[in-house]
Amino acid sequence: MADRLPTGIASVDALLGGGLETDSVTEIYGEGGSGKTLFCLDVAARVARSGRWVFYVDTEGVSVDRLRAIAGEDLERLLKRVLVSTPKSLEEQGRAVATADALARDRKRPVGLIVVDSATFYYRLSLSGSDEDEARQALSLEVADLVVTALETPVPVVLTNQVWRNPREGTLEPLGGSFLNHAAKTILWFDRLPGPRRRAVLVKHRSLPEGAAEFRITSTGLEGPLPPDRSATSAPPARERT
Ligand code: ATP
Ligand code: MG
């Protein structure tokens, strides 16, 4: 069984059989406000606290402020270990990911996590434009390199992904084309519930059944004290919105 990086969110760790797989890419998709960024920052802070390095590719340019809320007085110490890159184009994102790959592979520092949040922000901007095919290819190559990095090093990779509404089915679907969704061995969908409650739905995993776990957003990060009831959630709920 693949090694796991615990996220520290008990319900999600139970859903994932202990945490994020360290030899593969995990994709998290969901609507705006579903908690993708908070999840990545929470896990990044946990990895940094353990003394390992995090390479965080942040296309939204908001991580440091948000990390402050999670880290509190630890911020300065954690920032020494969380290397944040804020690319301004898909090309710059590709270069940032290549740097993350190199850092993880040269093993000079104990890298514990690579995050790309969001992997599809710049890709989305290219959709329906003349450069859509080129952008899809660039994203695919970047993700392929991350797959190899995760496989060849003990460093887990987390990608976040935005959603589009499938008008025919009335469902929310992840962006990025089928390549991204094949490349990720674990796929989580974060669904918004009322107030601070969120639900992580395990849509795909190579060795675990589908299921779901609840967690909530607090002022200092994410909490998910209750283990999921697998028997009640053996199939993911329909991704329908009203
Ligand atoms: P996007 O796709 O827009 O990047 P996201 O999935 O990354 O969204 P986050 O930014 O992680 O979402 O989550 C922000 C959510 O957290 C918002 O819904 C916000 O209202 C909520 N939130 C932030 N702080 C708190 C808090 N202290 N208590 C409850 N909810 C909070
Ligand atoms: Mg976000």
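Select Ser-128 to begin: this residue is exposed, because its relative accessible area is 73% (buried means under 20% relative accessible area, exposed over 50%, partly exposed in between, with a 1.4 Å probe and protein chains only). Ser-128 sits in the loop between helix 6 and helix 7 (132-152). Helices (H or I, at least four residues) and strands (E, at least two) are DSSP runs, numbered from the N terminus. The phi of Ser-128 is near 70 degrees, a positive value in a residue other than glycine.

Before going on, note that this is a predicted model, where local features need pLDDT of at least 70, side-chain atom pairs count only at pLDDT 80 or more, and totals for chains, interfaces and linings use all residues. Residues are numbered from 1 along each chain as its sequence is written, chains are lettered from A and ligands numbered from 1 in the order in which they are written, and side-chain values use heavy atoms, with hydrogens and water left out.

**Confidence**

Colour the chain by pLDDT, the predictor's confidence in each residue, from 0 to 100. The chain average is 91, and 93% of the residues score at least 70. Then select residues 231-235, where the pLDDT is below 50. This stretch has 5 contacts in the model beyond near neighbours in sequence, a contact being heavy atoms within 4.5 Å.

Select Arg-107, in the loop between helix 5 (90-106) and strand 6. Arg-107 is not a glycine, yet has a positive phi of about 60 degrees. Next select Asp-117 and Ser-118, which are joined by a cis peptide bond with omega about 0 degrees. Ser-118 belongs to the loop between strand 6 (111-117) and helix 6 (121-126).

**Ligand 1**

Show ligand 1 and the 16 residues around it (a residue is near a molecule or strand if one of its heavy atoms lies within 4 Å of it). Gly-33, Lys-36, Thr-37, Glu-60 and Arg-66 come nearest. The shell divides into 3 nonpolar, 7 polar and 6 charged residues; Ala, Val, Leu, Ile, Met, Phe, Trp, Tyr, Cys and Pro count as nonpolar, Asp, Glu, Lys and Arg as charged, and the others, Gly among them, as polar.

Now look at the oxygen atoms of ligand 1. One is 2.8 Å from an N or O atom in the side chain of Thr-37. At Leu-38, a backbone N or O atom lies 2.9 Å from an oxygen atom of the ligand. In the side chain of Arg-198, an N or O atom is 3.1 Å from an oxygen atom of ligand 1. Taken alone, ligand 1 exposes 650 Å², and the protein buries 64% of that (accessible areas come from the Shrake-Rupley method with a 1.4 Å probe; for residues, only the protein chains shown count as cover).

Helix 2 (36-49) and strand 12 (211-218) are the elements that give two or more residues to this shell. Helix 2 gives the most, with 3 residues.

Select Thr-186 in strand 10 (residues 186-192). Is Thr-186 buried or exposed? Thr-186 counts as buried because its relative accessibility is 2%.

Finish at Ala-69 in helix 3 (residues 63-71). Ala-69 is partly exposed, with a relative accessible area of 41%. Leaving aside neighbours within four places in sequence, Ala-69 is in contact with Ser-219 and Thr-220.

How values were computed
A polar contact is a pair of N or O atoms within 3.5 Å; within protein, one must be able to donate a hydrogen and the other to accept it, and residues adjacent in sequence count only if both atoms are side-chain atoms.
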